[in-house]
Amino acid sequence: MRVIGLMSGTSYDAIEAAAADLTLEGETLRMRPLGRISVAYPDDLRAAIGAALPPAATSTEAVCALDTGIGQAFAGAAVRALAELCGGDADLVVSHGQTMHHWVRDGAVLGTLQLGQPAWIAEATGLPVVSDLRARDIAAGGQGAPLVGMTDTLLLRGLPGVPAALNLGGIANITVAAPDTDPVAFDTGPANALLDAAVRHFTDGAREYDESGRGAAAGREAPELLRLLLDEPYYRLPAPKSTGKELFHLPYLLRALDAVPVAEPNDVLATLTRLTAVTVADAVRAHGVTQLVVSGGGAHNPVLTGMIAEELPGVRLLPSDDLGVPSDAKEALAFAVLGFLTVHGLPGTLPSGTGARHPSLLGSITPGRLPLRLPEPAATAPRRLLVETPS
Ligand SMILES: Nc1ncnc2c1ncn2[C@@H]1O[C@H](COP(=O)(O)OP(=O)(O)O)[C@@H](O)[C@H]1O
Ligand SMILES: [Mg+2]
């Protein structure tokens with residue numbers, strides 16, 4: 001089955017579209033990636049998303065406009081992926097949408113809202129669309145995140161030692177697949193969320209992120225600010241847990257800077273980069289991880305990955321590309337896998353990962369141009385993901 005996965009994370013920098021041929025053979029899920037494209041949001045839509053994200057107040061009118069605008073942008077990305085990656089031929093689109101709110105109270109997730117009306121994608125491509133993948137896990141008592149835990153676990157299974165996957169998006173999440181124990185997956189805290197917020201703030205919006213970590217490299221870490229930031233109770237919560245920009249946003253950072261003023265912007269960037277490295281490393285260490293497969297936009301920041309390596313002597317770091325999964329396509333491919341599981345009647349969650357009462361069949365399905373025909377439910381769930389690299 002040829003599947004297109006669409007993803008935009010909390011950084012809302014771009015829509016990542018990736019396609020793959022997926023085949024289930026007994027306990028092995030074979031994946032042949034067909035490539036990826038990154039489609040930037042139009043400037044006005046991007047600004048509208050930024051203006052509606054927490055802690056901003058918004059209106060249902062704005063939410064309605066965003067649902068349409070994001071749906072149309074995702075539809076545009078899907079049409080391009082269909083033509084450019086799939087030669088015009090695919091069976092299914094899986095759309096994560098854009099997270100606008102992840103509603104966490106006292107560590108429990110009460111709801112989550114991803115916008116990007118899937119009807120636009122179905123209308124533009126003629127293909128059925130699986131969307132809204134997080135809600136069912138939340139209804140089953142789970143965090144609804146991180147949903148990459150399933151794909152990560154299938155990918156990591158069989159690697160030596162205690163392997164883990166780390167994605168450095170706006171938020172950082174890890175999946176640990178230790179042999180003979182249930183996998184765990186959780187958000188460790190911010191990866192780029194606070195860094196990006198700081199860069200935008202200090203440059204009045206002229207820059208979106210700390211390109212290659214240059215600012216952080218030129219700055220000096222401020223130990224007092226780091227200590228204050230590390231005091232955040234989220235880091236001490238046990239897994240399963242998830243977080244988002246509802247917590248880690250600019251006003252959060254500005255409050256910390258009010259308490260511990262740091263004059264030099266680059267010093268703030270250096271400190272925030274260290275904050276990500278330390279919180280990631282603490283989580284990795286707590287689970288006895290021996291090798292860490294890294295993906296996400298933060299993998300392009302050598303200062304950040306350097307600090308993570310420095311905090312984790314003895315742990316091998318490798319890009320997910322080394323396992324055949326391009327690091328910028330990993331999340332989109334993970335969602336392609338989740339939609340594939342859904343249409344085959346297979347659960348996409350691990351209760352040990354999200355904390356739900358049971359594994360769930362994820363998502364809502366929007367029919368394409370033709371009547372909806374689902375494959376026969378698969379008899380066995382996959383136990384591993386085999387990525388076929390182009391020879
Ligand atoms: N060349 C780079 N140098 C430094 N940081 C980068 C670079 N490329 C991407 N990033 C960081 O990665 C973020 C986007 O990562 P991504 O995996 O798309 O996150 P999300 O899933 O939250 O959208 C950017 O906002 C930026 O902080
Ligand atoms: Mg992104």
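Predicted model: local features only at pLDDT ≥ 70, side-chain atom pairs only at ≥ 80, totals over all residues.

**Loops, domains and helix packing**

D180 lies in the loop that runs between strand 8 (171–176) and strand 9 (184–190). The phi angle of D180 is near 65 degrees, a positive value in a residue that is not glycine.

Which bonds are cis, with omega near 10 degrees in one case and about -15 degrees in another? One is the bond from P54 to P55, with omega near 10 degrees. P55 sits in the loop between helix 1 and helix 2. Another joins A145 and P146, where omega is about -15 degrees. P146, for its part, is found in the loop between helix 4 (135–139) and helix 5 (149–156).

Let me turn to the overall organisation. The domain assignment divides the chain into domain 1, covering 2–144 + 327–387, and domain 2, covering 157–323. Between the C-alpha centres of domain 1 and domain 2 the distance is 24 Å. To their contact, domain 1 gives 25 residues and domain 2 gives 33 residues.

Which elements of domain 1 give two or more residues to the side that touches domain 2? They are strand 4 (92–105), helix 12 (330–343), helix 13 (351–354) and strand 13 (384–387). Strand 4 supplies the largest share of that side, four residues. In terms of class, the side of domain 1 that touches domain 2 holds seven nonpolar, 13 polar and five charged residues.

From helix 1, the contact uses L45, A48, I49 and A52, and from helix 2 it uses A62, L66, G69, I70 and A73. By class, this contact of helix 1 with helix 2 has eight nonpolar residues, one polar residue and no charged residues.

Helix 2 has another partner to consider, namely helix 3 (residues 118–125): their axes come within 8 Å and cross at roughly 35 degrees. Left-handed or right-handed, how do helix 2 and helix 3 cross? Their crossing is right-handed. On the helix 2 side we find G71, Q72, F74, A75, A78, V79 and L82, which meet P118, A119, W120, I121, A124 and T125 in helix 3. The contact of helix 2 with helix 3 is made up of ten nonpolar and three polar residues, with no charged residues.

Finally, consider helix 10 (residues 265–286) and helix 11 (residues 302–311), whose packing angle is about 40 degrees, with the axes 9 Å apart. Helix 10 and helix 11 are therefore oblique to each other. Helix 10 passes helix 11 in a right-handed crossing. Helix 10 contributes T273, R274, T276, A277, V278, V280 and A281 to the contact, while helix 11 contributes V303, L304, M307, I308 and E311. How do the residues of the contact of helix 10 with helix 11 divide by class? They divide into eight nonpolar, two polar and two charged.

With that I conclude, and I thank you for your attention.

Note on methods: Residues numbered from 1 in each chain as written. Chains lettered and ligands numbered in written order. Contact = placed C-beta atoms within 7 Å. Nonpolar A, V, L, I, M, F, W, Y, C, P; charged D, E, K, R; others polar. Domains from an automatic or database assignment. Axes fitted to C-alpha atoms, helices over the stretch in contact; angles between N-to-C directions. Left-handed = near helix turned anticlockwise from the far one by under 90°. Parallel < 35°, antiparallel > 145°, perpendicular 65-115°, else oblique.
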